[in-house]
Amino acid sequence: QVQLVESGGGLVQAGDSLRLACAVSGRTSTIYTMGWFRQAPGKERTFVAALRWSGGSTYYADSVKGRFTISRDNAKNTVYLQMNNLTPEDTAVYYCALSSKSMFSYDYWGQGTQVTVSS
């Protein structure tokens with residue numbers, strides 16, 4: 001079994017930065033990809049960023065390229081999402097997710113952390 005616990009959300013102003021963390025526990029040997037997704041009020045959940053565990057390749061949604069960075073700390077089994085130059089359009093609940101087999105299908109999800117960006 002795997003557990004994912006997000007932290008680091010909050011209320012910030014436009015232009016500010018936040019760093020989200022996702023602590024992974026359990027069978028971490030099964031990780032193929034770690035991803036971040038977000039769901040804004042009244043909208044579907046969308047992809048934000050992903051990190052291939054082997055090799056470390058990263059992928060981003062066009063809307064966050066150049067502003068967000070996904071990274072990991074292997075010693076802490078933690079994945080981060082550094083978010084810079086935030087805008088009100090980034091307001092959403094952010095979820096981390098773990099896939100054991102691909103970038104497109106995720107097996108485990110965290111509970112989510114709220115990010116609110118005021119103008």
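Start with Gly35, which is buried, with a relative accessible area of 1%. Here buried means under 20% relative accessible area, exposed means over 50%, and partly exposed lies in between, using a 1.4 Å probe and protein chains only. The model is predicted: local features need pLDDT of at least 70, side-chain atom pairs count only at pLDDT 80 or more, and totals for chains, interfaces and linings use all residues. Residues are numbered from 1 along each chain as its sequence is written, and side-chain values use heavy atoms, with hydrogens and water left out.

Gly35 belongs to strand β4. Strands (E, at least two residues) and helices (H or I, at least four) are DSSP runs, numbered from the N terminus. What does Gly35 contact, leaving aside neighbours within four places in sequence? Its partners are Ala49, Ala50, Tyr95, Cys96, Ala97 and Tyr106. Contact means heavy atoms within 4.5 Å. Ser100 is 65 residues from Gly35 in sequence, and the two are 11 Å apart in space, C-alpha to C-alpha.

Now take the whole of β4. The strand is mostly covered, with 6 of its 7 residues buried. It pairs with β5 in the antiparallel sense, over 7 bridges. It also pairs with β9 in the antiparallel sense, over 7 bridges. Two strands count as paired if DSSP finds at least two bridges between them. Pick one residue for each partner strand. Met34 stands opposite Leu51 in β5. Arg38 has Tyr94 as its bridge partner in β9. In a regular strand the side chains alternate between the two faces of the sheet.

Next, follow the chain out of β4. The hairpin of β4 and β5 has 5 residues between the strands. Gly42 in this hairpin takes a positive phi near 75 degrees. Glu44 also sits in the loop between β4 and β5. Is Glu44 buried or exposed? It is exposed, with a relative accessible area of 67%. Not counting residues up to four places away in sequence, Glu44 touches Arg38 and Gln39. Ile70 is another matter: Glu44 and Ile70 are 26 residues apart in sequence and 21 Å apart in space, C-alpha to C-alpha.

Strand β7 (residues 68-73) and strand β8 (residues 78-83) run antiparallel and are joined by 6 bridges. Ile70 has Leu81 as its bridge partner in β8. The hairpin of β7 and β8 has 4 residues between the strands. Asn77 lies in that loop. Its phi is positive, about 50 degrees, although Asn77 is not a glycine. Most residues other than glycine have a negative phi, and most peptide bonds are trans. Asn77 is partly exposed, with a relative accessible area of 27%. Asn85, in the loop between β8 and β9, has a positive phi of about 50 degrees too, although it is not a glycine. Asn85 is partly exposed, with a relative accessible area of 45%.

Turn now to the disulfide. How many disulfides does a search of the whole structure find? It finds 1. A disulfide is counted when a pair of cysteine sulfur atoms lies within 2.5 Å. Here Cys22 is joined to Cys96, with an S to S distance of 2.0 Å. Cys22 lies in strand β3 (residues 18-26) and Cys96 in strand β9 (residues 92-99), so the pair ties together parts that are 74 residues apart in sequence. The torsion about the S-S bond of Cys22 and Cys96 is about 50 degrees, so the disulfide is right-handed. Cys22 is buried, with a relative accessible area of 0%. Cys96 is buried as well, at 1%.

End at the largest pocket. Its volume is about 160 Å³. A pocket is found on a 1 Å grid over the protein atoms alone: it is an open set of points where a 1.4 Å probe fits, with protein on both sides within 12 Å along at least five of seven lines, and lining residues have an atom within 4 Å of a point. Of the 14 lining residues, the closest to the centre are Arg38, Ala40, Lys43, Thr46 and Glu89. The elements that give two or more residues to the lining are β4 (33-39) and β5 (45-52). β5 gives the most, with 3 residues.

Notes. Points joined across faces, edges and corners; volume = space filled by probe spheres on them.
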